[in-house]
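Subject: Structure handover and findings

Hello,

Please find the structure below, handed over for your own work. My notes on it follow.

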Amino acid sequence: MNITHLKSAKILKTEPFWLLSIAAGLAAICLTLVWKAHDVGHLGMSILFFFAIGSILWDKRHTFNFESDVFSSILGWLIISWVLWQSTTHNLGYVIRLFPLASAVGVGLLASGFRGLKQYWEAFTILFFLEIPSVLAELLLDISPLSAKFASLLLWYSGFDVTLKGVYIHLPTGSVKVVPSCSGIDTINYLLGISIIALVMFPIAKYKRVFVSLFAMFLGFFLNAIRIAILAVMVGTNEAAFHSWHGGNASYSFGVFGILIFGVIYMLILRQEERQMQKTEQS
């Protein structure tokens, strides 16, 4: 009896390490698939989001309750098996963006069952905003006409002789077509996800949260409109720069700028709330 008890205790003690190994393996698979899809921007954002989730889970590691049941474990293994099976197929398309959240739910079911899933709500929320809004937006929403119109307004206010016809922006030096993949929907969704990470890890007053997310989305839209305007100017004057800003390394700078700008604004909000709290405590 004593030996059996010691073996059971040892298995329970090492269970979190097995779960961590499974989670790490699934994360590696998801990142590898994104890398093979040559989606550099999404790869970078995925790594950033995974680091944020890892930080949150590490801080809460001593509070987790690892108690699952047979049904939850079977369902968890089925979800993980589905991810592994789908990862071997080609032309995954939008399915690849469902893998991180599905993997997290599968591991969560293995670890804590249905009742314990609420322990990981931060991770699920962050992964949801990493993947799902972009899939829904690309399937159901096309903001290309709006992006083209806003970019043409920026050019007009800047003094350019610009003409807009649908999603086509015409300048005397050349024309550009704003297609859905260049409409800025990815940038908008990524900055929305960044705002969710900030709100989860560094909460602020409830009445400010919606405005913060809306600001992040508008910031992504605005920066992408600037990029479109720059492309319209470059298309007939500097082809090398055009290709760099269109899909090359320079195009990712707008995402970096967006994250930096949002980070500064959010830091100012946090400092403002901290000062307000100090004034309240002093009074």
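Where is the place of aspartate 142? Aspartate 142 sits in the loop between H5 and H6. Please bear in mind throughout that this is a predicted model.

Overall layout

The chain has 10 helices and 3 strands. Along the sequence they come in the order α-α-α-α-α-α-β-β-β-α-α-α-α. Of the 283 residues in the chain, 41% are buried. Taking contacts between residues at least 6 apart in sequence, 72% join residues at least 24 apart.

Serine 181 belongs to the loop between strand S3 (174-177) and H7. Is serine 181 buried or exposed? Serine 181 is exposed, because its relative accessibility of 61% is over the 50% cut-off.

Serine 152 is in helix H6 (residues 144-157). Its relative accessible area is 8%, which is under 20%, so serine 152 counts as buried. Beyond its neighbours within four places in sequence, serine 152 is in contact with Val162, Leu164 and Ile169.

Helix H5

H5 has 20 residues, and at 1.5 Å a residue these should span 28 Å; the end C-alpha atoms are 26 Å apart, which agrees. H5 does bend, by about 35 degrees at phenylalanine 129, and proline 133 follows within four residues.

Which residues of H5 are buried? They are Glu122, Ala123, Phe124, Ile126, Leu127, Leu130, Glu131, Ile132, Pro133, Ser134, Val135 and Ala137. These buried residues pack against H2, helix H4 (99-112) and helix H7 (185-201).

Valine 200 lies in helix H7. With a relative accessible area of 18%, valine 200 falls under the 20% cut-off and therefore counts as buried. Leaving out residues up to four places away in sequence, valine 200 touches Ile56, Trp121 and Glu122. Glu122 is among the buried residues of H5. For valine 200 and tryptophan 121, the separation is 79 residues in sequence and 9.9 Å in space, C-alpha to C-alpha.

Helix H10

Helix H10 covers residues 253-282. Its 30 residues should span 44 Å at 1.5 Å a residue, and the end C-alpha atoms are 43 Å apart, so the two values agree. The buried residues in H10 are Ser253, Phe254, Gly258, Phe262, Tyr266, Ile269 and Glu273. As background, an α-helix has 3.6 residues a turn, so residues three or four places apart point the same way.

The largest pocket

What is the volume of the largest pocket? The volume is about 1000 Å³. Of the 30 residues that line this pocket, Leu19, Leu20, Ala23, Gly54 and Leu57 are the closest to its centre. H1, H2, H4 and H5 each supply at least two residues of the lining. Which helix gives the most to the lining of the largest pocket? H1 does, with 11 residues. By class, the pocket lining divides into 24 nonpolar, 4 polar and 2 charged residues.

The cavity

The structure holds 1 cavity of 30 Å³ or more. The volume of the largest cavity is about 50 Å³. Its lining consists of Cys30, Leu31, Val34, His42, Ser46, Phe50, Ile96, Arg97, Pro100, Leu130 and Glu131. The cavity lining has 7 nonpolar, 2 polar and 2 charged residues. Leu130 and Glu131, both part of the cavity lining, are also among the buried residues of H5.

Regards

Notes
Residues are numbered from 1 along each chain as its sequence is written. This is a predicted model: local features need pLDDT of at least 70, side-chain atom pairs count only at pLDDT 80 or more; totals for chains, interfaces and linings use all residues. Side-chain values use heavy atoms; hydrogens and water are left out. On a 1 Å grid over the protein atoms alone, a cavity is a set of points where a 1.4 Å probe fits but cannot get out, and a pocket is an open set with protein on both sides within 12 Å along at least five of seven lines; lining residues have an atom within 4 Å of a point. Grid points are joined across faces, edges and corners, and a volume is the space filled by probe spheres set on the points. Ala, Val, Leu, Ile, Met, Phe, Trp, Tyr, Cys and Pro count as nonpolar, Asp, Glu, Lys and Arg as charged, and the others, Gly among them, as polar. Buried means under 20% relative accessible area, exposed over 50%, partly exposed in between (1.4 Å probe, protein chains only). Contact means heavy atoms within 4.5 Å. The expected span of a helix is 1.5 Å times one less than its number of residues. The bend at a residue is the angle between axes fitted to the seven residues ending there and the seven starting there.
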